[in-house]
Amino acid sequence: MIIFHVGAVAHSQRLRPVVDDDEVLVARVLRGDPQAFRDLYGRHGRYVAGVVFRLMGDDADLEDIVQDTFVRAAERLASLRNPAQVRPWLVTIAVRLAQSRMTRRRRRSWLRQQIIRAAPTVSDPRDRAPADELYSALDQVPDKLRIPWILARVEGQKLEDVAAACDTSLATVKRRIAQAQTRLDRRLGAGA
């Protein structure tokens, strides 16, 4: 089992740039090259962390989800059909882990609110107000609508990649994004 700390790997990557493409890195990992896995993590870890952060709305579970994503990827890398598509595959793993966490978080919403209030992320709370308002509205949107909306509208992912990450059809993803937008428009418009 390979376990990495998000900060430690990102720091080490500044010292040695990754030059292999994803297909080469995957092949090297499958041959047992531990440096190749670190390189793969270095190339995609920050992006996956950004996706997870935007899905979750905070960073309370960020490192755990990112680490779990790469642990699962290490365990299942041989099942990856197209090594050139390793980033969307990693995002799919991260989305599923994040969705699981969000489900558990909803059960503990009161505690989560207390933790968020105790951990300011910017020096002036007014700077955070629009994001807090959006995530408050997103908390009222079911995960099956929230996740594709964030992946498409915040992350800017292609709808085909969103459909793959959500394990659903392109038509369903389009419908869910539209439904999420309608709900957000209603909630954010009601607060204005």
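Predicted model: local features only at pLDDT ≥ 70, side-chain atom pairs only at ≥ 80, totals over all residues.
Which residues in helix 3 meet which residues in helix 8?

**View 1. Where helix 3 meets helix 8.** On the helix 3 side we have Val 51, Arg 54, Leu 55 and Met 56. Across from them, helix 8 brings Arg 146, Ile 147, Ile 150, Leu 151 and Val 154.

**View 2. How helix 3 and helix 8 pack.** Two packed helices are described by the angle between their axes and the distance between the axes. Here the angle is about 125°, and the axes of helix 3 and helix 8 (residues 143-154) run 10 Å apart. That makes the two helices oblique to each other, and their crossing is right-handed.

**View 3. An aromatic pair, Phe 37 with Phe 70.** The aromatic pairs come to two. In the pair shown here, the ring centres of Phe 37 and Phe 70 are 6.3 Å apart and the planes sit at 85°, so this one is edge-to-face. Phe 37 belongs to helix 3 (residues 34-56) and Phe 70 to helix 4 (residues 62-76), so the pair ties together parts that are 33 residues apart in sequence. Both Phe 37 and Phe 70 are buried.

**View 4. The aromatic cluster around Tyr 41.**

**View 5. Arg 87 over a tyrosine ring.** This close-up is about a charge and a ring. The charged end of Arg 87 sits over the ring of Tyr 47, at 4.2 Å from the ring's centre.

How values were computed:
Residues numbered from 1 in each chain as written. Heavy atoms only, no water. Phe/Tyr/Trp six-rings, centres within 6.5 Å; stacked < 30°, edge-to-face > 60°. Helix = DSSP H or I, 4+ residues; strand = E, 2+ residues; numbered from the N terminus. Buried < 20%, exposed > 50% of the residue type's maximum accessible area, 1.4 Å probe, protein only. Lys NZ or Arg CZ within 6 Å of the ring centre and 35° of its normal. Axes fitted to C-alpha atoms, helices over the stretch in contact; angles between N-to-C directions. Parallel < 35°, antiparallel > 145°, perpendicular 65-115°, else oblique. Left-handed = near helix turned anticlockwise from the far one by under 90°. Contact = heavy atoms within 4.5 Å.
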